[in-house]
Structure formats: structure tokens, C-alpha cells
Number of protein chains: 2
Amino acid sequence: MPIDNSLRIRPAVENDMPLIVSLVNALADYEKLEGPDAAAVERLRKHGFGEPCYFKVLLAEIDGRAAGYAFYFFTYSTFLAKPTLYLEDLFVLPEYRKRGVGYLLMKELAKIAVNEDCGRLDWAVLDWNQNAIDFYNRLGAVQLNDWIVCRLTGEPLTNLAKE
Amino acid sequence: MPIDNSLRIRPAVENDMPLIVSLVNALADYEKLEGPDAAAVERLRKHGFGEPCYFKVLLAEIDGRAAGYAFYFFTYSTFLAKPTLYLEDLFVLPEYRKRGVGYLLMKELAKIAVNEDCGRLDWAVLDWNQNAIDFYNRLGAVQLNDWIVCRLTGEPLTNLAKE
């Protein structure tokens, strides 16, 4: 994998919020979804840089310009009795692809996972995203095909929460 | 769902560690896996009741005896810009099944999720565990069949972490 010499990875700080929002919007565009509205942007600021802090962000920059990002947080494996680094979002702007941005973001996440004594680095990929699946396979990722992700949201969640 | 009148759900505290370990061992037995060794038990204590705190535990008791438990923590949805309550383990001792233990644990988790302004309650189930899948479906859960869970662990993880 050729890596652009001017590529740098760094943890995001609160002042990076405009940059983060522009990248989140670019990902939403790419997925043909709505980006966050003003209230959601304020929640992202509070949840990423306030207390409790729900997630962390790595920024990738090429020549000082934002090229991609990773949102992550720590989950936990009771089986290993160790934390897991969970990668929630990984995105590289289309114009900066094929320069090692995704690879270097994954490498930095792996370093953080090892430093924090995590037993695993986990994430989920959409089953039609073959480019991403091939990329992850080249890193040595395994796919947990026997697990089904389940979700309660909306009315079923609020109904169950009622007395 | 008939619910046993003497069933109570409460958050676990550090003094519950022996109880938690006995339940984790019962789950390991059920799954024909090794339970946590002494070092893993100490890590569970540190990670559940120290700082940083990686997970929380709900205990279900019938007539004051441990009947089941749930391990959970908060993840994050950048799409919703809200936390998610993630259920890592749900287990009911075989002798206490069909008394509403799992249902009341899920109900308590849903309440916590709503109180903490979570947009979702997520978890994963093994695809052969049809009893569990049927139970979750009755609660109104949806299955995210288009997502594949990926994992880096062991040598691929430590290799990627190297300079």
C-alpha cells in the first residue's frame, strides 16, 4: 500500500468540530443520507468532548487538509475480560483515496487498541461494500458470520421501557 | 409472559463480584467454554467497578437468589448523534427460566436506554439460538442482516499496531 508522505493522523480536539462536521456530511452525502442538523451537531460536540465522553475521533490530514476520519470508542468483552476498541465510522474523502489514508487510520487504531490492552478491534461493514471487505481482509480481519446484530429502537424500545 | 412475583432487578455493586463470577461461570458452562481464571476475575472487578469503568451489570434475583444478569455499556451512533445502550451478555440460569427474568432484564435495559437519551438498544445473537431470536422478535427487535461484524485480534492486530 503506497502511503502519501504528507499524510498525518492525529486525535481530534473540540476546535476541530467544523472539520468533523464537514467530514460527517461528506460521509452522509456518499451514503445518500441527511447529514446532522444543528441540534445533532451540538450533541456530537457534547458527546465527543464533554463528560461523559461517548466517542473519540482520529483525523487524517494530507498537506494539512482533512482527508478522512475514524470515530471509535471502547466496548468490552466479558469473555476476554478486556476492553475492545470499537470502530464506529471510517471514512476517506473520495478525492483522497488510494493514498493509504484508511490503512494508516486502521494502523493507528490498532496501536491504540494494543496500548489500552484491548483484546480486539471490532467494527461492522455493510455486506455489499466489497471494496471495504477486501481492504479489511487484507489487514487480517475475520468476519463473524454466525452473529446477527439485533436492535430495539423507536416505539418497540419506548413501549418496553414503560411500566 | 408470567413474571415471578419475587423477581427483582438491581444494579450490581463491587461486593457482588462473587455472585457475578458464579453467573459468568454458569454461562461459560452453558456455552461449554472455560470460565474466567483468577487474573480475568480481577480484571472484571477493575473494569466494572474501577476507573475507567468499561461496563455495568444488572442482577436479577428470585427470593434473594441470583437468577440471571445483563452486562451492558454505552456505545454511540454518529448517525443519530446519540448514545446506544449495548447489551453484551444476557443470561438466565436454566433453573430460573420461563419466569420472566430475561423479559424484566430487557425491560430494565430499555428504561435505562430511554432515561439516558439513547436512540437504540443493540446486541448480537448467535444465528443458531432460535429460542433467543424468537424472544427478541416478540419484544419488537429488528435484525440487521446486511451488516457483517469484523474483528482484528491476536497476531493480525499486534502486527498492524507495529511501526
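Predicted model: local features only at pLDDT ≥ 70, side-chain atom pairs only at ≥ 80, totals over all residues.
Modeller: Local features need pLDDT of at least 70 and side-chain atom pairs count only at pLDDT 80 or more, while totals for interfaces use all residues. Residues are numbered from 1 along each chain as its sequence is written, and side-chain values use heavy atoms.

Biologist: Why is A:Lys107 called buried?

Modeller: The relative accessible area of A:Lys107 is 13%. Buried means under 20% (exposed is over 50%, partly exposed in between, with a 1.4 Å probe and protein chains only), so A:Lys107 is classed as buried. A:Lys107 belongs to helix α3 (residues 101–115) of chain A, a helix being a DSSP run (H or I) of at least four residues. Among the residues A:Lys107 touches are B:Leu160 and B:Glu163, where contact means heavy atoms within 4.5 Å.

Biologist: What makes A:Asp122 and B:Arg151 a salt bridge?

Modeller: Their side chains meet at 2.9 Å, N to O. The rule requires a side-chain nitrogen of Lys or Arg within 4 Å of a carboxyl oxygen of Asp or Glu, and the pair therefore qualifies. Across the interface of chain B and chain A, the rule finds two salt bridges.

Biologist: How do you know that β7 of chain A pairs with β5(B)?

Modeller: Seven bridges join strand β7 (residues 147–153) of chain A to β5(B). Pairing needs at least two bridges found by DSSP, so the two strands pair. They run antiparallel, and A:Cys150 stands opposite B:Trp123 in β5(B).

Biologist: How many residues are in contact between the chains?

Modeller: In chain B, 64 residues are in contact with 64 residues of chain A.

Technical notes
Chains lettered and ligands numbered in written order. Lists of a residue's contacts leave out its neighbours within four places in sequence.
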